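Here is a friendly walk through a protein model, written for someone who likes to know which side chains meet which. Have the structure open as you read.

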Amino acid sequence: MRSLPLAISLATLLLGACSTQVQQPPAQDSVTLIEPTPTPAEPATEEIPARPFPADTLYSLIAAELAGSRERYDIALSNYLQQAYKTRDAGVAARATHIARYLNAKPAILNAATLWAELAPNDLEARFTAGNALAQDGRLLEAVEHAIYLQQQKGTSIFQSIAALAAESTDTQREQLQEKYRQLLQTYPDNTELLVGLGLLHQQQGETEEALEYAQQALKIEPKLIPAATLEARLLLTLGQTDKAMIRLEQMLEDHPRDQRLRLQYARLLAGIDLEGARKQFEIMLQQTPQDSELRYSLALIARELGDTEGARQHFTDLLQFPQRRSSAHYYLGRIAEDNQQWEEALEHYLLVEPGPDFVAALLHTTDILVKANEEAKAHLRLNAVRAKFPDQAERLFLLEAEVLTNHQRLQAAEIVLNQAIELFPTSTKLLYSRAMLHEQRGSLEGLEKDLRTVLKYDPNNATALNALGYTLVDRTDRIEEAEILITKAIQIRPDDAAIIDSMGWLHFKQGNLEQALVRLRQAMNLMPDHEIAAHLGEVLWLMGDKDQAESIWQRGLKLTPDSSIITETMDRLKAQ
């Protein structure tokens, strides 16, 4: 929002209502102002006659302008939106829309823009803004009505953007929009926005061939149309026609070598098949826009993926000057230092990672380094400080600390941490389950069963706990009937869970039903190849006389987990027998 200079504001408001053309201050004015969001090039086409405001409205609008000059844009927006509805003045509604767009306040944008379009139906900017806001709100068919008016008046087309936003809608909504677009295509057969829009809608529905047909129709009309070409390339890639997709994008890049969006699309496609080629494309883009932190971040990640440690380190170091990527840069510089066993340097970087997407991962690595160095007390103090600062993350951070301690075989320390956590969160099924698994590692079946029973007390349909308790009873006790009840309930809740299917197979084995056990264990192995499932399946095959197949399954399991003790113990036991 660009606040009117106070003197101009007062004069304008005293003389009459706001018009649809929001007044701009002189360039030399020094008051801190809100810039309006850029609008379509077309001028507004409808002027609203001025009329005087009531005193309370005048006061509210003056207060809004003063609030804007003091950067209290929330107050400015609230006042303008309230008065837009009260006065039904198109100029006030336009002003409210501009402020809302500046603040990216989506509900307010929707309310203000739709009111503005209602009050000034011939205003192209109002129609454009209302159409986009409605589409973002999922009201696709209402948005299309504004798009049709823009098309009739040769304004900025929004058919394609509406279709793109339909990705968040239901299948039914997309089908309705498809039908509307097909009808419009009869009136505007050469409208490439409609054709690309239909292509996007079919792509969202998983109808790749139909989507490709519309994209190629648009390219016949306008061969160098970038949205159609990028859509075609994505669709060709989906169909496995990678070479054709690349050729199309390369052709477009020859015609538009400085188009960043096109080159970015090409680079992203390359990243899936040719990382070195993708790196070259990102380097070209970074040369064109050297201050683009996202491009540099992508280059840094690619360099790391390619094993170019020095290249990655340089890019991440350069990113430290960009606030929006500084924490990520510290995180990855920490990872690079840790990979090189430079523990102190790694810790320095991890401790500079601020709350955000890399924060918990940095904490995990910090804790791991400290525990590895026998400094778990220091790690505990650090995590306690973070838990105090972010209490809503405390449970998660207790689990993280216990996991790291367990991984380093600090089982007693892990139990102390979990005991402390459960005192604070006595009904946390995640903490209780974690302690139950720790009891299993420490050989306390009594502790395991107690915690799992408590989990089931709070969450009777917790399939993971049902399965864990049922499998333990099958594998470690003779309480087979009780185990069968638990595993049967678990598999009813999650019938496609490989771990539960494995438990059911092992239950059949313990009951002497080898054929049924074989069916279940093969099903589990197909769903999730795993060394423990391989141990069970191999044992059943061995006892059924198919020793060659048993050996093959065990070897497959050892490839998955070379140090699998359960497979080696099973093989030694059976061969000894």
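Thr57 is buried, with a relative accessible area of 0%. Buried here means under 20% relative accessible area, exposed means over 50%, and partly exposed covers what lies in between, using a 1.4 Å probe and protein chains only. Thr57 sits in helix 2, which spans residues 55-69. Helices are DSSP runs of H or I with at least four residues, numbered from the N terminus. Setting aside neighbours within four places in sequence, Thr57 is in contact with Gln83, Lys86 and Thr87, where contact means heavy atoms within 4.5 Å.

A word on the ground rules: this is a predicted model, in which local features need pLDDT of at least 70 and side-chain atom pairs count only at pLDDT 80 or more, while totals for chains, interfaces and linings use all residues. Residues are numbered from 1 along each chain as its sequence is written, and side-chain values use heavy atoms, with hydrogens and water left out.

## How helix 2 meets helix 3

Which way does helix 2 run relative to helix 3, roughly parallel or roughly antiparallel? The two pack at an angle of about 155°, with their axes 7 Å apart. Axes are lines fitted to C-alpha atoms, for helices over the stretch in contact, and angles run from 0 to 180 degrees between N-to-C directions. That angle makes helix 2 roughly antiparallel to helix 3; the cut-offs are under 35 degrees for roughly parallel, over 145 for roughly antiparallel, 65 to 115 for roughly perpendicular, and oblique for the rest. The crossing of helix 2 and helix 3 is left-handed, meaning that the near helix is turned anticlockwise from the far one by less than a right angle.

On the helix 2 side, the residues that meet helix 3 include Asp56, Thr57, Ser60 and Leu61. Their counterparts in helix 3 include Tyr80, Gln83, Lys86 and Thr87. The residues of this contact divide into eight nonpolar, seven polar and three charged. In this count Ala, Val, Leu, Ile, Met, Phe, Trp, Tyr, Cys and Pro are nonpolar, Asp, Glu, Lys and Arg are charged, and the others, Gly among them, are polar.

## Salt bridges

Side chains of opposite charge can pair when their charged atoms come close. How many salt bridges does a search of the whole structure find? The search finds 33, a salt bridge being a side-chain nitrogen of Lys or Arg within 4 Å of a carboxyl oxygen of Asp or Glu. One of them joins Lys86 to Asp56, with the closest N and O atoms 2.3 Å apart. Lys86 lies in helix 3 (residues 73-87) and Asp56 in helix 2, so this pair ties together parts that are 30 residues apart in sequence. Lys86 is partly exposed at 48% relative accessibility, and Asp56 is partly exposed at 42%.

Arg248 forms a salt bridge with Glu232, the closest N and O atoms being 2.5 Å apart. Arg479 lies in the loop between helix 26 (463-476) and helix 27 (480-493) and Glu449 in helix 25 (residues 445-458), so the pair ties together parts 30 residues apart in sequence. Arg479 is partly exposed at 29%, whereas Glu449 counts as buried at 19%. A network of salt bridges links Glu449, Arg453, Arg479 and Glu482.

## Two loop residues with positive phi

Asn104 has a positive phi of about 55° although it is not a glycine. Asn104 is found in the loop between helix 4 (90-103) and helix 5 (106-119), and is exposed, with a relative accessible area of 52%.

Lys154 has a positive phi of about 60°, and Lys154 is not a glycine either. Its place is in the loop between helix 7 (140-152) and helix 8 (159-165), where Lys154 is exposed at 74% relative accessible area.
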